[in-house]
Amino acid sequence: MSEAREIKLDRMRYTKNTTSSRLALLAIVFDVLFFISIYKSNVSTWYYNILMGASIIYNLVFLLAAFLASESVKNYRAGYSWLMIILGVIQIARIWIYPMTAHAALVNNEPVMGDAQFIRCVIYLVLSAACLFAGAVVNTNKSRALSRHISSLEAGKAA
């Protein structure tokens, strides 16, 4: 292994994994933009149902879980990559919950969600999921590399 790579790995013991953390925070920003886009809509009473309440509760849980993952991946905790992947998959699945159903629904012969808002909401959810997936991959790779490096240092001490 080159000396520069060795130094880079050794520095990881003392620095935070800001890349994965920032990607998780960016996923939160995209979710908030989705949240604002959906909940500012006021089309008759179509949005006033139990699904809206469940969506609001899920958004709160998502924000908390994504922030927890953001803080945990700073310390190269590989297990939180799985949380980020699960949250990303749910973000993709959410496309079929509100944007698709609202885009297909009509109130007074007008769509509940217009084309522009639909595309914007889908983009926000996809970008949120992409940030979570990328953050999970980066954290997994860095966590494994740091773990191998620490193991090699411990093996070197024992010898």
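1. At a relative accessibility of 0%, Ser 128 counts as buried, since the threshold for burial is under 20% relative accessible area. The model under discussion is a predicted one. Ser 128 is located in helix H6, which covers residues 115–158. Its side chain makes a polar contact of 3.0 Å with the side chain of Gln 91. When neighbours within four places in sequence are set aside, Ser 128 is in contact with Ala 27, Phe 30, Asp 31, Phe 62 and Gln 91.

2. Asp 31, one of the contacts of Ser 128, also forms a salt bridge with Arg 94, for which the closest N and O atoms are 2.9 Å apart. This pair joins distant parts of the chain: Asp 31 belongs to helix H2, whereas Arg 94 sits in the loop between helix H4 (79–93) and helix H5 (99–104), and 63 residues separate them. Are the two partners buried or exposed? Asp 31 is buried, with a relative accessible area of 1%, and Arg 94 is buried as well, at 7%.

3. The count of salt bridges in the model comes to 2. Besides the pair of Asp 31 and Arg 94, Glu 71 forms a salt bridge with Lys 74, with 3.2 Å between the closest N and O atoms. Here both partners are partly exposed: Glu 71 has a relative accessible area of 32%, and Lys 74 has a relative accessibility of 26%.

4. Helix H3 covers residues 50–73. At the start of H3, a side-chain oxygen of Asn 49 comes to within 3.0 Å of the backbone nitrogen of Leu 51. The buried residues of H3 include Met 52, Tyr 58, Asn 59, Phe 62, Ala 65 and Val 73. Of these, Phe 62 is among the residues in contact with Ser 128.

5. Helix H2 (residues 18–39) contains Val 29, which is partly exposed, with a relative accessible area of 42%. Asp 31, in the same helix H2, is by contrast buried at 1% relative accessible area.

6. His 103 lies in helix H5 and counts as partly exposed at 27% relative accessibility. Which residues does His 103 touch, not counting those up to four places away in sequence? They are Tyr 98, Pro 111, Met 113, Gly 114, Asp 115 and Phe 118. The side chain of His 103 reaches the backbone oxygen of Met 113 at 3.1 Å. The C-alpha atoms of His 103 and Phe 118 are separated by 6.4 Å, although the residues are 15 apart along the chain.

7. Ile 119, like Ser 128, has its place in helix H6. Ile 119 is partly exposed, with a relative accessible area of 48%, whereas Ser 128 is buried at 0% relative accessibility.

How values were computed:
Residues are numbered from 1 along each chain as its sequence is written. This is a predicted model: local features need pLDDT of at least 70, side-chain atom pairs count only at pLDDT 80 or more; totals for chains, interfaces and linings use all residues. Side-chain values use heavy atoms; hydrogens and water are left out. Helices (H or I, at least four residues) and strands (E, at least two) are DSSP runs, numbered from the N terminus. Buried means under 20% relative accessible area, exposed over 50%, partly exposed in between (1.4 Å probe, protein chains only). The expected span of a helix is 1.5 Å times one less than its number of residues. A polar contact is a pair of N or O atoms within 3.5 Å; within protein, one must be able to donate a hydrogen and the other to accept it, and residues adjacent in sequence count only if both atoms are side-chain atoms. Contact means heavy atoms within 4.5 Å. A salt bridge is a side-chain nitrogen of Lys or Arg within 4 Å of a carboxyl oxygen of Asp or Glu.
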